[in-house]
Amino acid sequence: MTLYTQQEANVRKTWLLFAVFGGVVIGAGFLFAQIYGDPSILVIAVLVSAVTSIASYWYSDTIVLKMANAEPVSRESAPELYRVVENLAITAGLPMPKLYLIRDASPNAFATGRTPEQAVVAVTEGLLERLDRTELEGVIAHELAHIGNRDMLVSTVAVILVGCIALASDLFMRTIWRGRRGSGRDGSGLLLIIGIAFAILAPIAATLLRLAISRKREFLADATGALLTRYPEGLARALEKIAGDPREVAGASNAMAHLWISSPFKKNGGSWLHALFLTHPPTVERIEALRHMG
């Protein structure tokens, strides 16, 4: 299997996973509607999911940039960065993305935007200060690979679906006893047990699924970016510098941690549980895969 057939297969598998995700959201609404004896819960769940998805599709990039405190930059204010991005975008056959700078000493970067035409690449000041040109090209190529692979929209949809499931779970757990007393219904004990189990396990499973997809896409973006620059060592060295820097991205949040090229959090943990919830594959594995390409 070549890189390109693997890319196509991953895209198909991901959309299949999201179709299942959508079924879980609707199934949650149906289950809670049965427990509470109120069909309107299902209607509300579907409407909230649809409205939130549409709003996030149109405004996700704006929200993410505000969360990161990113500032727009031009060719005049960041000529070296602009030239690197412009040259690689031409090579990749992509429109020139908008460029943003984050005033932070920790080296990192991310891409966002629902389509290649609305794409944005944001980098920190620390990234520009720490990396040489070939390393910077490796990072930018990685982010352009995310844009070319259509990862940004998929990542946004995943966040929304996980959020919907978590919200439904939290609402159910907070109101289960009050709702049952108010309705005066005995209900099915088995149905209630299923509902509680779903409310506890669904958000965990949804989060793990989102993280698994994110980790797989990081490997694919690494490989695609290395093919774009034809110099895997540049990205490998960049990842070493980014992961080795002890500073966290100021104001980093779990909500957008998976968007960064490397985790914005620097707290290390050696347990299997810690590794299970990582938003990125281990940097050592990414570097090893890149150097095998070389």
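## Helix packing and an aromatic pair

The axes of H5 and H8 come within 7 Å of each other and cross at roughly 95°, which makes H5 roughly perpendicular (65 to 115 degrees) to H8. This is a predicted model, where local features need pLDDT of at least 70, side-chain atom pairs count only at pLDDT 80 or more, and totals for chains, interfaces and linings use all residues. Residues are numbered from 1 along each chain as its sequence is written, and side-chain values use heavy atoms, leaving out hydrogens and water.

Helices here are DSSP runs (H or I, at least four residues), and strands are too (E, at least two), numbered from the N terminus. Axes are lines fitted to C-alpha atoms over the stretch in contact, with angles from 0 to 180 degrees between N-to-C directions.

Now to the other helix pair: H3 (residues 79-92) and H5 (residues 133-148) have axes that come within 10 Å and cross at roughly 50°.

| Helix pair | Axes within | Crossing angle |
|---|---|---|
| H5 and H8 | 7 Å | roughly 95° |
| H3 and H5 | 10 Å | roughly 50° |

Finally, the aromatic rings: Phe110 and Trp260 form an edge-to-face pair (centres within 6.5 Å, planes over 60 degrees apart), at 4.9 Å centre to centre and 80° between the planes. Phe110 lies in strand E3 and Trp260 in the loop between H8 and H9, so the pair ties together parts 150 residues apart in sequence.

Terms used
Phe/Tyr/Trp six-rings, centres within 6.5 Å; stacked < 30°, edge-to-face > 60°. Parallel < 35°, antiparallel > 145°, perpendicular 65-115°, else oblique.
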